[in-house]
Amino acid sequence: MDEAGTLTRADLAEALHREVGLSRADSAKLVEQILECMCGALSRGENVKISGFGTFVLRDKGERIGRNPKTGVEVPIAPRRVLTFRASQTMRDRIVAAG
């Protein structure tokens, strides 16, 4: 992980290289293939569940009225599909234990 505390694709590939022993190129390719598979499933409208980690869920949000905070003018917000993540109980427990 970099100094800002963000886990990147390169960090995942490096971890695969160290832990599994794959070459750096193969590790990077595997990370890309996993992410591509997840993106493909989400773009087809499927949810992605990774046991012990969490679930990426697509939700349809209906049209609603919003307000411009600067002017106070009401503005309609168009319906859209959003991606949410729900951590598994195992992941929640690990986060709480880490403090």
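A: Contact here means heavy atoms within 4.5 Å. The model is predicted, so local features need pLDDT of at least 70, side-chain atom pairs count only at pLDDT 80 or more, and totals for chains, interfaces and linings use all residues. Residues are numbered from 1 along each chain as its sequence is written, and side-chain values use heavy atoms, with hydrogens and water left out.

The part to look at is strand S5, residues 80-87. Strands are DSSP runs of E, at least two residues long, numbered from the N terminus.

Start with arginine 80, which sits in strand S5. Leaving aside residues up to four places away in sequence, arginine 80 touches Arg59, Asp60, Lys61 and Arg64. Glycine 62 is 18 residues from arginine 80 along the chain, yet their C-alpha atoms are separated by 6.8 Å. Is arginine 80 buried, partly exposed or exposed? Its relative accessibility is 35%, so arginine 80 counts as partly exposed. The cut-offs are under 20% relative accessible area for buried, over 50% for exposed and partly exposed in between, with a 1.4 Å probe and protein chains only.

Now move along strand S5 to phenylalanine 85. How many aromatic pairs does the structure hold? There are 2. Rings of Phe, Tyr and Trp (its six-membered ring) pair if their centres lie within 6.5 Å; planes under 30 degrees apart are stacked, over 60 edge-to-face, the rest tilted.

Take phenylalanine 53 with phenylalanine 85. Their ring centres are 5.3 Å apart and their planes meet at 50°, so this pair is tilted. Phenylalanine 53 lies in the loop between strand S1 (48-50) and strand S2 (54-61), whereas phenylalanine 85 belongs to strand S5, so the pair ties together parts 32 residues apart in sequence. Phenylalanine 53 is partly exposed at 34% relative accessibility. Phenylalanine 85 is also partly exposed, at 38%.

Next comes phenylalanine 56 with phenylalanine 85. Here the ring centres are 4.9 Å apart and the planes are again at 50°, so this pair is tilted too. It links distant parts of the chain: phenylalanine 56 is in strand S2 and phenylalanine 85 in strand S5, 29 residues apart. Phenylalanine 56 has a relative accessible area of 17%, so it counts as buried.

What do the ring pairs make of Phe53, Phe56 and Phe85? They link these residues into a cluster.

Conventions:
Helices (H or I, at least four residues) and strands (E, at least two) are DSSP runs, numbered from the N terminus.
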